[in-house]
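Thanks for coming, everyone. Let's get the structure up on the screen and walk through it together.

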Amino acid sequence: MITLPWLSITVAAPFIATLLLLPIPQTQKLAMRLVALLGAAVSLVGALAVYHYYDLQQGGLQLAENYPLVPKLGITLRLAVDGWGVSLLLLTGIIITTGVMATWTLKDREKEFFALLLTLVAGVLGVFVAQDLFVFFLFYEIAVLPMYVLIAVWGSSNKVAEAGPFKFVWKMFDIGGKEYAAMKLTIMLLVGSAFILVAIMAMFFAAGGETFDMSVLGNMKYDLELQKWLFPLVWLGFGTLAGVFPFHTWSPDGHASAPTAVSMLHAGVLMKLGAFGVIRIGMMMLPEGAQFWIPVVGVVAAINVVYGALSAMAQKDLKYIIAYSSVSHMGVVMLGAATLTQGGWNGAIYQMFAHGIMTGLFFALVGLVYERAHTRWVPSMGGFAGPMPIVALFFTIGGLSSLGLPGTAGFVAEFMVFLGAWQSKSAWWALPGIIGAFITAIYVLRVVRDVFWGPGPSAEFHDLPDARRTELGALIVLGACILIFGIWPRLILDYIDPCTKTYLAKIDPSAPTLPFVPQQAGFGGAGAAAMPMHNSMGLGRPFGPGPGQPPGMLPNPGMMPRAAMPGPDMPSGMPRGMQPGMPPAMAPGMAPGMAPGMAPGMAPAMAPGMAPGMAPAMARPAMLGPGAMPMPPPGLPPSPSPAGVAPTGGVQ
Amino acid sequence: MSPLLMAALATLAIPAGMTLLFGVVPMLRRTGKPAAILSILAATTVLGIAGWLFATWLGNPTESLQIATYWLTMGGQPLGQVGVHLDGISVSMLLVVATVAWCVQLFSLGYLSDEPPNGLGRYFTYQSLFLFSMNLLVLAPDLMQLFIGWELVGATSYLLIGFWYPKPAAAKAAIKAFVVTKFADSGLILGLMVLAVASGGFAWDAPITPATAEIVAGLLFVAVMGKSAQFPLHIWLPDAMQGPTPVSALLHAATMVAAGVYLIVRADPIFSAAVHVREFMTYLGAFTALFAAIIATVQTDIKKVLAYSTCSQLGYMISGLGAGSLLGGYFHLTTHAFFKALLFLAAGAVIHAVHSNEFTDMGGLFKKLKFVAIAFIFGSLSLAGVPGLAGFYSKDLILEAVHESGNHFALFALLLTAGLTAFYMTRTVVKTFLGQMSHSAEHAHGPGPSMTLPLLVLLVPTIALGWAAGPFATLFGKPYEFHMGLVGYTAIALGLGGIALGYLVYGLGALAFLPRLFKPVATLANSSVMDELWQSVYEIGGQTPSRAAAWTDRYIVDGLMNFIGWLTIVLGQQLRKLQTGDVQDYLYAVFGAAALLALFGGWR
């Protein structure tokens with residue numbers, strides 16, 4: 001089998017499409033659209049290929065490609081993907097493809113629009129797979145800059161004048177105008193970039209100035225004082241893009257003014273770059289600094305969640321409502337990140353994915369409504385479900401995901417974040433999260449009612465055709481993703497979880513874990529439980545008694561009293577994370593099959609650090625006695641080396 | 001895989017497949033009637049399977065089967081199970097749900113015959129989704145899946161209450177129902193988190209300390225209060241009557257609102273360890289039962305009477321569970337599901353005939369709608385606890401349990417409720433079916449066969465289920481022995497007395513002072529005090545901070561950014577003046593600077 005350099009393909013496809021777009025004459029509108037769609041679709045296919053080829057058993061960074069750029073400064077175009085990258089690539093591929101589909105009918109300077117849009121996306125894709133700090137930053141800037149032009153040229157201005165004593169403020173700054181929005185967004189993000197640049201340079205030089213390789217820089221033990229002042233720079237620098245309070249104010253104006261596809265991309269993917277940067281650069285490369293600042297990060301995130309939701313509730317402009325809801329939901333991402341727990345980080349990455357899809361759907365829908373109704377003013381709408389049932393349906397799906405209804409992707413993410421918060425040192429962080437979700441329920445349902453339900457539509461809206469063709473396609477893809485990843489979260493959670501575990505062990509060995517539960521009782525026979533945990537996509541898991549289990553009735557499974565189970569006490573020196581991955585049902589005869597069952601990155605850690613007699617202990621059913629609640633504290637240091645890089649293609 | 005498990009999975013897959021089919025093939029959905037028939041066929045299959053499973057379990061009551069896989073992972077550890085769990089409890093609940101759902105779907109075919117095909121298709125899509133969600137809840141192997149089903153039935157309830165979405169009242173009621181229950185569900189999320197952190201999973205029988213059990217049970221009970229409409233979170237249920245009447249029968253009387261009770265039965269290992277929570281349950285349930293029964297005596301809308309009656313009966317169940325009678329609470333859930341669904345569907349037939357919910361548009365309908373009237377009267381008698389009918393047996397179990405628990409307040413309130421229930425149901429029967437015929441009742445038309453058949457089916461358990469209490473109890477592994485104590489005789493006396501009194505007052509017009517006596521209490525209870533209270537909580541806790549946040553964001557936070565921008569511009573404009581463009585000015589500056597430097601150097 002020939003392995004293609006999938007990461008390069010994924011990242012380069014939009015770039016190449018941009019180049020192809022340039023010579024097309026302005027009159028060939030269909031050709032331009034098709035080229036743009038092709039570029040986006042190739043990225044999506046690439047992302048799917050990465051999803052497919054990423055080996056879950058092996059874990060760590062995979063599909064690596066290295067192309068030296070400036071060897072003297074140690075700058076290399078290092079591309080590799082981990083479990084997080086896989087899910088975020090997938091998200092970006094979905095959003096850009098649907099984004100192009102949703103703006104299919106754009107009527108003004110299509111070529112420039114699509115060229116800028118695709119350039120932006122190439123930057124986003126690059127950030128998620130870059131393993132070189134310089135390249136990371138380069139891609140980041142590529143992703144941020146085209147936004148100015150995209151909003152200032154193709155954006156829309158809010159035409160509803162604000163009344164009241166503060167009218168002059170609106171006039172003075174032209175608030176609601178697209179130029180104002182574009183300017184504010186760009187300036188704020190660039191100030192953030194300046195912070196990041198300082199931090200990157202500081203890390204580069206503190207590490208000896210030899211290389212920008214993130215795995216090298218990440219394993220460096222920086223001076224605690226240095227970390228303490230670098231982390232806020234990274235947090236606020238990237239955090240500005242992630243909408244961290246109080247640096248989120250570019251977001252409502254920016255998203256409200258931006259054209260449909262740009263809002264979709266910006267809220268759907270770009271804001272995730274910010275949060276990704278905070279976690280990837282800030283928390284993972286400056287762990288002690290992060291530990292020091294984490295209370296502040298968490299509190300600010302909690303403010304984000306509630307404050308964003310409350311602000312959204314008071315808005316009357318449809319786009320502002322969605323934009324503020326993004327601020328609130330990105331707060332959930334940051335809250336999850338700040339918990340420094342397995343659940344919190346899983347949830348944060350999952351929320352990036354879920355919110356990306358959901359907000360992409362929302363902005364696509366809002367764009368549709370705006371295009372037809374020529375207004376974003378909610379109080380003037382009503383009864384749109386009559387003429388546009390499809391739009392109403394998808395808006396409801398998006399809304400239900402937004403308020404965290406189980407069965408939609410939003411729930412999975414929020415639930416894990418809340419769980420992580422509850423486990424963390426600041427358990428109360430879970431409360432603002434739950435309050436935020438509740439407020440979201442109020443305003444989202446109110447929007448659905450005000451826009452789509454009730455009598456109407458009034459006579460001023462005489463022509464409201466429903467979603468058609470490519471628009472419909474975009475809605476279906478996004479809506480289906482919300483449901484699919486809500487119903488079966490392990491489709492990407494199986495990628496995220498082991499990756500989180502490896503990273504988290506590195507930065508916070510004392511992160512709390514859930515008490516271990518012997519699983520053999522619960523899983524309808526040994527079938528499911530005896531399967532290795534991380535071996536495949538998860539869908540292929542047998543749904544019933546597995547091999548070696550007699551088919552038919554199993555007397556009273558799941559109801560066996562815990563106390564009746566045999567179980568030697570857990571050896572307290574066991575490495576962290578060993579226990580959870582080891583269902584007791586694996587024990588008999590499982591020894592050869594154990595390796596795949598272990599979390600990725602465990603294997604190297606085990607060999608040198610394992611106490612003698614460990615292996616037999618693991619081969620026996622390892623479980624807690626009924627009285628033992630909390631996990632024994634880890635006695636061994638966490639995995640000393642990061643997961644190995646497995647090159648599969650590209651130039652070495 | 002065991003065929004039983006396969007069949008159980010089919011009860012999930014069939015309605016889910018229907019929903020998906022209607023969702024992705026709009027052409028089919030928009031045909032209306034064919035889609036409805038397809039959905040009813042699916043419900044019939046589910047009913048058949050549920051019946052078969054139930055029959056199997058009657059033969060082998062202690063059997064317990066499970067097939068599940070995990071839904072989430074947390075650091076490689078499986079978390080949360082999805083699949084099906086079959087035991088006496090889930091199998092019997094499945095049969096209840098399937099029966100009522102089948103009856104309601106069939107009934108809807110007649111009830112919504114005036115609906116345009118598009119709307120009918122949408123309605124049956126929601127119905128299929130509900131059946132799936134409810135089965136998911138019932139068959140849950142642990143609390144995680146129960147929660148998923150729990151929220152999904154809530155969402156379906158939102159969609160079905162808002163089925164006539166152009167009607168502002170329906171839109172408002174839908175949101176209210178969703179938001180109130182969602183608010184309560186925060187308790188369930190928190191409970192799940194506490195449980196997971198304490199035990200590493202969501203098992204019913206998770207090994208947790210009694211103190212933790214109190215916390216978890218307390219949090220779970222908050223959600224139960226929302227879903228099962230217990231005071232003070234009952235406010236959404238009466239409004240939910242804006243939905244089509246069959247929906248009220250299925251969701252807001254028989255199954256969905258009973259999910260709270262089902263949760264307590266399922267999570268019994270947690271609840272039985274939580275002594276204080278259970279004591280609170282006994283009090284709150286009894287209070288809600290009495291409170292709602294009082295309100296029901298003054299309603300003029302037939303659906304509202306039944307809605308408050310549902311609140312009241314759910315209070316009964318909760319109180320019984322609190323007193324420790326698992327069987328009593330659960331058996332009352334079962335009998336109530338049947339007779340309340342019967343009452344609602346019969347009321348639906350009446351409403352369909354006279355096109356109104358109000359008593360003033362009814363009266364004397366016995367002549368026009370004989371079968372409906374008989375069904376309704378039997379339902380009422382069962383609800384009133386007339387000996388021999390199903391409601392009597394289940395109610396008696398609860399009363400005995402509360403009596404044994406020694407909670408005098410609860411016992412007194414529940415007994416009083418028993419009398420009141422008989423009273424208001426008699427009033428309803430009299431106002432609907434007896435007495436003077438109103439104008440619209442003159443033109444009433446009888447229901448079609450698709451509406452009478454479900455009534456007939458539901459009539460059977462309404463009458464006879466009480467006699468099957470023995471076999472039913474074996475599904476629980478609990479002994480059941482019928483015996484009448486003092487409490488039982490009191491309840492019978494109160495029930496019969498209530499009926500007699502109701503007939504005296506409303507049928508014969510005697511004792512006219514009595515309704516007047518009731519009036520002040522009921523007016524107070526019936527007024528929108530609770531609604532207004534919650535409304536002001538919402539305004540103070542939601543609207544005001546929301547406006548404050550939006551204002552702060554625009555003028556303070558954003559104002560700060562704008563101020564920085566403005567400052568930059570102003571400073572730039574001022575500094576620009578330094579660049580005059582005159583060579584002389586620049587030379588002055590150069591020489592001046594040189595002189596200053598020289599001075600500075602000399603001074604040092």
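First, a caution. This is a predicted model. For chain A the mean pLDDT is 78. In that chain, 78% of the residues reach 70 or more. Now look at residues 520–652 of chain A. There the pLDDT is below 50. The stretch still has 238 contacts in the model, beyond near neighbours in sequence. How should we treat coordinates where pLDDT is low?

On to chain B. Its secondary structure comes to 25 helices and two strands. The C-alpha trace spans about 115 × 60 × 55 Å along its principal axes. Chain B has 604 residues, and 59% of them count as buried. Next, take contacts in chain B between residues at least 6 apart in sequence. Of these, 81% join residues at least 24 apart.

Now the contact between the chains. Chain A puts in 74 residues, and chain B puts in 60. Which parts of chain B supply at least two residues each to that side? They are strand E1 (65–74), strand E2 (77–86), helix H6 (143–161), H7 and helix H24 (529–576). H7 of chain B gives the largest share, with 15 residues. By class, the side of chain B that touches chain A has 36 nonpolar, 19 polar and five charged residues.

Let's zoom in on one residue, B:Met561. You'll find B:Met561 in helix H24 of chain B. Leaving out residues up to four places away in sequence, B:Met561 touches A:Lys184 and A:Thr249. Why is B:Met561 classed as partly exposed? Because B:Met561 has 18 C-beta neighbours inside 10 Å, and buried would take 20 or more. B:Met561 and B:Val590 are 29 residues apart in sequence, and their C-alpha atoms are 37 Å apart.

Last stop, the core. The largest nonpolar core has 446 residues. Which residues have the most contacts inside this core? They are A:Ala275, B:Ala341 and B:Val350. Helix H7 of chain B, residues 168–199, gives the most to this core: 20 residues.

Take B:Val350 as an example. Setting aside neighbours within four places in sequence, B:Val350 is in contact with B:Ile302, B:Met362, B:Leu365, B:Leu369, B:Val372 and B:Thr432.

That's the tour. Questions, please.

Conventions:
Residues are numbered from 1 along each chain as its sequence is written. Chains are lettered from A and ligands numbered from 1 in the order in which they are written. This is a predicted model: local features need pLDDT of at least 70, side-chain atom pairs count only at pLDDT 80 or more; totals for chains, interfaces and linings use all residues. A nonpolar core is a set of buried Ala, Val, Leu, Ile, Met, Phe, Trp, Tyr and Cys residues joined through C-beta atoms within 7 Å. A residue is buried if 20 or more other C-beta atoms lie within 10 Å of its own, exposed if 12 or fewer, and partly exposed in between; C-beta atoms are placed from the backbone. Helices (H or I, at least four residues) and strands (E, at least two) are DSSP runs, numbered from the N terminus. Two residues are in contact if their C-beta atoms, placed from the backbone, lie within 7 Å. pLDDT is the predictor's confidence in each residue, from 0 to 100. Ala, Val, Leu, Ile, Met, Phe, Trp, Tyr, Cys and Pro count as nonpolar, Asp, Glu, Lys and Arg as charged, and the others, Gly among them, as polar.
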